[in-house]
Amino acid sequence: MKTPPYRTLSLAVVSCLMTACATTQAPQSATTSHDQHAKAVLAKAVKSQLRSSFSYETNAYVSNDIRRHALKDVTDSTPADDCEAVHDHAYVRLLQTAKTDNLPISDDKYQAHRTKIKDDFLACRDKQEQASAYQSFDFENFYEQSGQLTPDEQEQAFIHAISTHLDGQTNEPSARPASSLDAKKAELLHEYLIAPSSVRVVGSYQPLQGKFTALPMLDYTAKNLHMSINQPLYIDLKAGGIYLWADNFALLNSELLDAKLGDSWQGKWLYIPINDGSLPESFTRDLIKAYLNAKKESFMALPQDGFVMAGADELSQLPFIANNLPADKLTLIQNTPTIIKNNAKESAKAYSNYVFADTLYQEMTAKYPTLTQQMPDFYEREIIDGESVIHVINADSDTAQTETKAETDTANNSRDDFVVNSELLMRGLFLYLQRQIESYYGELHSTDGTPQEDRPISKYAPATHYGVSHGKIAWVHQRHYLTDDTVGARYMDKAGVTGSEPLFVDVFTQIFQNAKHVNEFARLPSASQTPNADNSINLFAYQDTLRARFKETGEKPPFMEHSSRYALGSASNDYGYGDDSYDGDDYGDYSDELYEDYLDEDMDNNGKPSDK
């Protein structure tokens, strides 16, 4: 029985539309009776959307308007808590007074003024140091108060006391007040990086033909520079594979693996078969079925109040959205009859992600146990009164871990059969799902089974809105804030952005219903705009040919040659090592030993096939 292309192709698109339902958190609003139907309306719209062809365009709009607005009124005036600046300004004024009086500043006339400037500066510094200084924990007082407790009670009391003490301490200095230089940095960031850059993805979804396309584009346009990076993606279910533009990988491949690659990948696609024959014939069909079921279960796991009806006015209240989105997008939002807002909490999002990974993993493990590693039987999930309950069992036992390690060691010892194929890629996928499940379990176990409290809702919480028109998805808007947690404080500081004034990104996907298909790859060579057997390279067949060439000729990949030359130079006596140091032949032997493992064939020290 052949799987209809539209069902298979739902894999790609449902991830774009439905996954967003379980990946964002927005401030909670009052739920009305109308809101009770929001989840059902959204589910119906997505289901209807996936049955018809459409094209789409996604744009990411980055902005630092929050920071720029906060600094718009900053001047060179000195805040009172900037001790050095206050001191310097006071001293400059005294110098000007002395100059007017035609006297040196060291004159006794200014002694009292100089002393006051100094004393004020020292007092200001002392105040700052006291505010940020670490106060040591009073162990003596603690033991006096807890002397009557049992050892276990005293341990728990100590943990609580020391945690409370540490929470009240800070080693961070007082935040430096903003200056006109900070305002200038924010403007430069906007003018020279954010404004000239654009991120865009266009593509199409054609379920009847079994095709899905995407063309991510990153552009930077300045006065004397235009830079563009593109990576075409083409999924063709009739051909049974995924296509990537090979030109983008040619340089890396020639530098690391294939020194004789030349321009053989120019103007061609890289073809990755979904099933190259290394998997059972029914595997793809079962994977599709399990994936769609997992997405359904993941969506249904979200609470009913996770989605609420919203209006265009509510969406327009997001900070600076009117400045960041183009006028045509704002008009589209205003003219949309139904807008649904994601209102899921952090805990609901985490549980939904877990349900997806667990459902997909368990279904595929049951049908194809040889492709998955057995998970330790620490946890089990069951449905009770319509709710999923997780039991943590055998959490301290290492028996299952030992058994799993033995199985892993056995698999690692089978290097002779190592080959990159569809089976290997699927093993990697299942291992990833297993890690996701274990990570969620670990969070539960770390809190001794106590549900983790949701984080306090920030005024800069991410949000997702869906525009529904004529029973289908018209657009999806997502607001993300790039804070210290998501980017890292070090990079935020370099960009002149603080956690309280984050960068933000508006990702807007517009869906064009029943639109005439546009060739997204029109900029590619005419003979390569649609991938086929003549203009594509089978990745798995290529790696087999490359391995065979290495075995036949004794050729080594460039990355091994580079490593050998580096090590030979480092080990030579030219660098001052004595006669007893490692020499080139020693390293050559070791390098060849590694190479033998790669080729699964005995080699001599010169990299040539041996006579054995």
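**Figure 1. Contacts and composition of the whole chain.** Residues 24 or more positions apart account for 72% of the contacts (heavy atoms within 4.5 Å) in the chain that have a separation of 6 or more. This is a predicted model, in which local features need pLDDT of at least 70 and side-chain atom pairs count only at pLDDT 80 or more, while totals for chains, interfaces and linings use all residues. Residues are numbered from 1 along each chain as its sequence is written, and side-chain values use heavy atoms, with hydrogens and water left out. Of the 612 residues, 37% are buried, where buried means under 20% relative accessible area, exposed means over 50%, and partly exposed lies in between (1.4 Å probe, protein chains only).

**Figure 2. The nonpolar cores.** A nonpolar core is a set of buried Ala, Val, Leu, Ile, Met, Phe, Trp, Tyr and Cys residues joined through side-chain atoms within 4.5 Å. The largest one has 23 residues, and those with the most contacts inside it include Leu 42, Phe 212 and Leu 302. Among the elements that each supply at least two residues of this core are α2 (38–49), β1 (54–63) and β3. The greatest contribution to this core, four residues, comes from α2. A second, separate core of 22 residues includes Leu 287 and Tyr 440.

Figure 3. Leu 302 lies in the loop between α10 (283–300) and β8 (307–310). Its relative accessible area is 3%, so Leu 302 is buried. From C-alpha to C-alpha, Leu 302 and Asn 343 are 9.9 Å apart in space, and they are 41 residues apart in sequence.

**Figure 4. Strand β3 and its partners.** Two strands pair if DSSP finds at least two bridges between them. Strand β2 (residues 197–206) pairs with β3 in the antiparallel sense over 10 bridges, and Gly 203 has Ala 214 in β3 as its bridge partner. In the hairpin of β2 and β3, four residues stand between the strands, and Gly 210 takes a positive phi near 70°. Strand β5 (residues 233–236) also pairs with β3, antiparallel, over four bridges; here the bridge partner of Ala 214 is Leu 233. β3 and β4 run antiparallel and are joined by six bridges, and the hairpin that they form has two residues between them.

Figure 5. Val 199, Leu 218, Leu 225, Met 227 and Ile 229 make a nonpolar surface patch of about 400 Å². Such a patch consists of residues with over 30% relative accessible area and no salt bridge, with nonpolar side chains (Val, Leu, Ile, Met, Phe, Trp, Tyr) joined within 5 Å and, in patches of charge, like charges joined within 9 Å. A salt bridge is a side-chain nitrogen of Lys or Arg within 4 Å of a carboxyl oxygen of Asp or Glu. Areas come from the Shrake-Rupley method with a 1.4 Å probe; for residues, only the protein chains shown count as cover. Strand β4 (residues 225–230) provides the largest share of the patch, three residues. Leu 218 belongs to strand β3 (residues 211–222), and its bridge partner in β4 is Ile 229. Leu 218 counts as partly exposed because its relative accessibility is 35%.

**Figure 6. The covered strand β7.** In strand β7 (residues 269–273), five of the five residues are buried. Trp 269, Tyr 271 and Pro 273 point one way, whereas Leu 270 and Ile 272 point the other way. Strand β6 (residues 241–245) pairs with β7 in the antiparallel sense over five bridges, with Tyr 243 opposite Tyr 271. Strand β15 (residues 536–538) runs parallel to β7 and is joined to β7 by three bridges; Trp 269 stands opposite Ser 536.
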